[in-house]
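Look at the model first, then read on.

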Amino acid sequence: MPGLYAWLRRNPRLVDGTLALLLIFPGGGVPKLGVRELLVTLPFVLGMVIPVVFRREYPVGAFAAVIAGGALQVLLMRRPVGSDLAVLIVLYTLAACRPRRISLRGLVICLIGAATAVLRWHPVHAVNGLYAISTEAAVFGGPVLLAWLLGDSAPWRRGYYQALEERAARLERERDAQAQVAAAAERARIAREIHDVVAHNVSVMVVQADGAAFALDASPQRAHEALAAISATGRRALAEMRSLLGVLRDSATSW
């Protein structure tokens, strides 16, 4: 799922183009009309959905184009079409991408347009008409307010998610740094142990070699024993060094 979201963010024009197509096809912008009605309706539909494709790059221009198409539709047509949802989309984009002072103007324009559409398509004749108009005003105005609120809060949501991502990245960097510090400390400890082993055993071997040289002429048996001790000490030192170096290699592999 994160990979899908990342792909969608990398291809915004494709996403907006698909959204525009959904507003055009049956069930979206073009209802089941006759040929004559379709030819009359289609220019209004295209005029409202095409700006959706460019809403991210030109939020103000796309909003103005959709509102202009919606105004012509209210004046010249007798009923709404599915492409009117483009008004909500461009209003959301305007609120998400532009300062609040600009998006509030867009909200007022949309609310005025919704009220005008209700009065234009359902003129008041009686009490029942007033009730119907109130209901339709809520149906028209509610989504407009919701679209603006979602768009207005979008920068805050983006900032919140970005802060979470930065925090996760910072914690990961700190964890890696702590692991590197621990690895360096362990290597330093092993290096000190190797130094101690080498220094101790070499010192013992030097003392034993001096004793063997001193006893070589006077007591060959003692000289032989000293040389054997030197050999055993050297082998023991090599074994200890191999053990410590093995630990060092295992630590480097695990880190």
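The axes of helix α4 (residues 59-76) and α6 come within 10 Å of each other and cross at roughly 15°. An angle under 35 degrees counts as roughly parallel. α4 and α6 are therefore roughly parallel to each other. Their crossing is left-handed. On the α4 side, the contact is made by F63, I67, Q73, V74 and L75. On the α6 side, it is made by G106, I109, C110, T116, A117, R120 and W121. By class, these residues divide into 8 nonpolar, 3 polar and 1 charged.

The model is a predicted one. The protein has 8 helices and 0 strands. Read along the sequence, the pattern is α-α-α-α-α-α-α-α. Of the 255 residues in the protein, 29% are buried. Among contacts with a separation of 6 or more, 68% join residues 24 or more positions apart.

### α5 against its partners

Helix α5 covers residues 85-97 and has 13 residues. From its first C-alpha to its last it reaches 19 Å, close to the 18 Å expected at 1.5 Å a residue. Its buried residues are A86, V87, I89, V90, L91, T93, L94, A95 and A96.

How do α5 and α6 cross, and within what distance do their axes come? The axes of α5 and helix α6 (residues 100-121) come within 8 Å and cross at roughly 160°. That makes α5 roughly antiparallel to α6. The crossing of α5 and α6 is left-handed. From α5, the contact is made by V87, L91, L94 and A95. From α6, I102, S103, G106, L107 and C110 take part. By class, the contact of α5 with α6 has 7 nonpolar, 2 polar and no charged residues.

α4 also packs on α5. The angle between α4 and α5 is about 155°, with their axes 9 Å apart. α4 and α5 are therefore roughly antiparallel to each other. The crossing of α4 and α5 is left-handed. In α4, the residues that meet α5 are P59, V60, A62, F63, V66 and I67. In α5, their counterparts are A86, V87, V90, L91, T93, L94 and C97. By class, the contact of α4 with α5 has 12 nonpolar, 1 polar and no charged residues.

An α-helix has 3.6 residues a turn, so residues three or four places apart point the same way.

| Pair | Separation in sequence | C-alpha to C-alpha |
|---|---|---|
| T41 and V81 | 40 residues | 8.5 Å |
| L88 and P143 | 55 residues | 7.2 Å |
| A86 and I67 | 19 residues | 9.2 Å |

A86 lies in helix α5. Is A86 buried or exposed? At 0% relative accessibility, A86 counts as buried. Leaving aside its neighbours within four places in sequence, A86 is in contact with L23, M48, V52 and V66.

With 22% relative accessibility, L88 counts as partly exposed. Which residues does L88 contact, leaving aside its neighbours within four places in sequence? L88 is in contact with P143, V144 and A147. L88 and P143 are 55 residues apart along the chain, yet their C-alpha atoms are separated by 7.2 Å.

T41 is found in helix α3 (residues 35-53). T41 has a relative accessible area of 5%. Buried means under 20%, and T41 is therefore buried.

Technical notes:
Residues numbered from 1 in each chain as written. Predicted model: local features only at pLDDT ≥ 70, side-chain atom pairs only at ≥ 80, totals over all residues. Heavy atoms only, no water. Helix = DSSP H or I, 4+ residues; strand = E, 2+ residues; numbered from the N terminus. Expected span 1.5 Å × (residues − 1). Buried < 20%, exposed > 50% of the residue type's maximum accessible area, 1.4 Å probe, protein only. Axes fitted to C-alpha atoms, helices over the stretch in contact; angles between N-to-C directions. Parallel < 35°, antiparallel > 145°, perpendicular 65-115°, else oblique. Left-handed = near helix turned anticlockwise from the far one by under 90°. Contact = heavy atoms within 4.5 Å. Nonpolar A, V, L, I, M, F, W, Y, C, P; charged D, E, K, R; others polar.
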